Amino acid sequence: MKYKGDELYWIAICDDEENSARLIQRILMEGETEPGKFKISIFSSGKDLMNGNVSRYDLLILDMMFPGENGRNIAEEYVKKNKSGLFVFCTDKATPLPEDFVIHPYRYLKKDRERQLRRYL
């Protein structure tokens, strides 16, 4: 979602595994066509994400598994608060369930497939 005079793309990464979040951040920054166009925030839990201004993010890259939280529930809350934002599930979860697609993720990516991440992020 763009704010007045805002030329940035706001991206949130929500993952409790710091190494995974940093890998995703690095891949995004490598793909940035104009330096400084991406504003990337990293959150380690859905609670931390939802305590922020989620309506500002154009894209949420979301893990599915968190201690005490469920990525699908986080995504549902994100969609309620940000009608125009896209989200991508990026997870180690072996197989997606049909319920994972009810809330219409833009993509469902596997963390352990770096080549796939580079292609689709």
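Biologist: How many aromatic pairs does the structure hold?

Modeller: Five aromatic pairs. Rings of Phe, Tyr and Trp (its six-membered ring) pair if their centres lie within 6.5 Å; planes under 30 degrees apart count as stacked, over 60 as edge-to-face and the rest as tilted. This is a predicted model, where local features need pLDDT of at least 70, side-chain atom pairs count only at pLDDT 80 or more, and totals for chains, interfaces and linings use all residues. Residues are numbered from 1 along each chain as its sequence is written, and side-chain values use heavy atoms, with hydrogens and water left out.

Biologist: Why is the pair of Tyr 9 and Phe 38 edge-to-face?

Modeller: The ring centres of Tyr 9 and Phe 38 are 6.2 Å apart and the planes stand at 80°, so the pair is edge-to-face. Tyr 9 is in strand 1 and Phe 38 in strand 2, so the pair ties together parts 29 residues apart in sequence. Strands (E, at least two residues) and helices (H or I, at least four) are DSSP runs, numbered from the N terminus.

Biologist: On to the sheet. What is the strand order?

Modeller: The order is 2-1-3-6-7, in an open sheet of five strands with parallel pairing. Two strands pair if DSSP finds at least two bridges between them.

Biologist: Which strands stand at the edges?

Modeller: Strand 2 (38-43) and strand 7 (107-110). Each has a single partner strand, so one side of each lacks a neighbour in the sheet.

Biologist: And how many bridges join strand 3 to strand 6?

Modeller: Four, with the strands running parallel. Leu 60 has Phe 87 as its bridge partner in strand 6.

Biologist: Which strands does helix 1 lie across?

Modeller: Helix 1 lies across strands 1, 2, 3 and 6, at about 175° to strand 2. Contact means heavy atoms within 4.5 Å. Axes are lines fitted to C-alpha atoms, for helices over the stretch in contact, and angles run from 0 to 180 degrees between N-to-C directions.

Biologist: What about helix 3?

Modeller: Helix 3 (residues 71-81) lies across strand 3 and strand 6, running at about 170° to strand 6.
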